[in-house]
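Hello,

Here is the structure we spoke about. My notes on it follow below.

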Amino acid sequence: MDIRYFIGVDVSKATLDWAVFDGKTIVLQAQSVNSPAAIRATVKLVKALPGFTVMESVCCLEHTGIYCAHLLSSLYKLKLPIWLESSLQIKKAGGLQRGKTDAIDAIRIAEYAFRFRDKMCLWQPPRPILQKLATLSALRQRLLRVRQQLQQPIDEQQGFAEKSLQKQLAQNCQASLKAITADLANAEKQIDTLIQSDDRLKELFAWITSVPGVGDAIATEVLVATNEFKAINDPKKLACHAGVAPFEYRSGSSVRGKTRVSQHARLRLKSLFHLGAMSAIRMKGELQTYYQRKVADGKNKMLVLNAVRNKLIHRVCSVVHREQKYDKNYTPALA
C-alpha cells in the first residue's frame with residue numbers, strides 16, 4: 001500500500017486524541033469524545049485534508065481492550081484501514097522519551113506507523129460469534145478467580161484455625177461459593193452451546209480437544225487468541241504469543257544469560273497450556289515418557305515442562321493444519 005496519511009489515535013475511556021502525519025510533519029491534531037458520533041465528526045475533518053483518500057491512509061491505534069470498541073467499529077464501517085498494534089511494541093520502538101500527554105502519544109503513534117509502514121498488519125474484526133465467545137471466556141476466567149479468592153483462604157486455614165472458627169468461615173462463604181459455582185456452570189454451558197451452534201467452531205474445537213492434555217478451556221482460549229487461526233496459524237508464532245518459546249540471551253564473550261521464555265506473553269494462554277502440560281505428563285503416553293526420560297537425564301523439570309507445553313502447541317496447530325483429529329500413530333508422508 002502507498003500510504004499518504006498516517007493517522008495516530010491515542011485511546012482513553014473518555015476521549016480520543018488524533019494526530020495525522022504525512023511523512024514530513026503533523027498536518028492535523030484533534031481531540032474528540034470516545035463515542036461513535038464524535039468519531040464520525042473527526043473523520044470528516046481528516047477526510048477534508050488535501051488529496052485524502054481512504055486507500056492511501058491508515059489509522060494506527062494501541063490495543064486498549066474495551067475502550068477501543070467504538071473506534072474500531074466506527075472506522076471499520078467507514079472502511080478506513082485499521083492497524084491495531086501492541087502498546088508495548090509502540091513504546092519500545094519510541095526510544096528514550098521525555099514527557100507524556102495524550103496528544104504527544106497520538107503523534108508518537110502516527111510517527112510509529114510511518115516508520116514501520118513496511119510491517120503494517122491491517123486489522124480485521126472477528127466474527128460476531130467469536131466476539132461472544134471471547135466475552136464468555138473472559139467471564140469464566142473472572143468467576144474462576146473470584147471462586148479461588150474465596151476458597152483458597154478457607155482451605156489454607158484447615159489445621160491451623162480452631163474448628164469452630166473454621167466452620168464459621170466456611171459457612172460465611174458457602175452461599176457466595178454456591179452462587180459463583182452456579183454462574184460458572186452457566187457460563188460454561190453457554191460457551192458449549194455457542195461452539196456447537198457454529199459448524200466452523202465445532203469443527204476446530206473437535207480437532208483441538210482431540211490432542212491429549214488439551215481440554216475445553218485451552219481450546220476456547222486458543223480459538224479466541226488466534227481468531228480461529230486466521231491471525232496466527234504458525235506453531236512458532238503461537239508458542240511465542242503464549243510465552244513458551246525459548247530465547248537466547250548472549251552478546252560477545254562476556255554476556256551469556258540463560259535461555260529463557262519471554263515475559264511478554266498472553267498470560268492466560270500460557271497458564272492454560274501449563275495446566276495442559278501438567279495433565280499430559282500424568283497420563284500414560286508419549287509425553288509422560290518424554291518428561292520422565294528427560295528428568296532422569298538430569299534436565300531441569302520446568303525446562304522439560306516448557307518443552308511439553310511447546311509440543312502441545314505444535315500438535316494443536318498440526319491437527320488444524322491437517323484438518324483431522326489427533327492420531328498418535330500418525331507419520332508424515334515423505335516428500
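Contact here means heavy atoms within 4.5 Å. On that basis, of the contacts in the protein with a separation of 6 or more, 62% join residues 24 or more positions apart. Please keep in mind that this is a predicted model.

Overall, the protein has 12 helices and seven strands. Its C-alpha atoms fill a box of roughly 70 × 60 × 50 Å along the principal axes. Of the 335 residues, 37% are buried. The accessible surface is about 20,100 Å², and carbon and sulfur atoms hold 53% of that. There are 50 positive and 29 negative charges, with mean positions 4 Å apart.

The largest nonpolar core contains 45 residues, and Leu133, Ile208, Val222, Leu223, Phe229 and Phe273 have the most contacts inside it. Several helices give two or more residues to this core, among them H5 (128-156), H6 (163-196) and H10 (267-282). H12 gives the most, with nine residues. Apart from its neighbours within four places in sequence, Leu223 is in contact with Leu130, Leu133, Leu201, Leu204, Phe205, Ile208, Glu228 and Phe229. A second, separate core has 21 residues, including Ile7, Val9, Leu16 and Cys68.

Asn306 lies in helix H12 (residues 301-322). Is Asn306 buried or exposed? Its relative accessibility is 9%, so Asn306 counts as buried, the limit being under 20%. The side chain of Asn306 reaches the backbone oxygen of Val244 at 2.9 Å.

Regards

Terms used:
Residues are numbered from 1 along each chain as its sequence is written. This is a predicted model: local features need pLDDT of at least 70, side-chain atom pairs count only at pLDDT 80 or more; totals for chains, interfaces and linings use all residues. Side-chain values use heavy atoms; hydrogens and water are left out. Helices (H or I, at least four residues) and strands (E, at least two) are DSSP runs, numbered from the N terminus. Buried means under 20% relative accessible area, exposed over 50%, partly exposed in between (1.4 Å probe, protein chains only). A polar contact is a pair of N or O atoms within 3.5 Å; within protein, one must be able to donate a hydrogen and the other to accept it, and residues adjacent in sequence count only if both atoms are side-chain atoms. A nonpolar core is a set of buried Ala, Val, Leu, Ile, Met, Phe, Trp, Tyr and Cys residues joined through side-chain atoms within 4.5 Å. Accessible areas come from the Shrake-Rupley method with a 1.4 Å probe; for residues, only the protein chains shown count as cover. Lys and Arg count as positive and Asp and Glu as negative; His and the chain ends are not counted. The place of a charge is taken as NZ of Lys, CZ of Arg, CG of Asp or CD of Glu.
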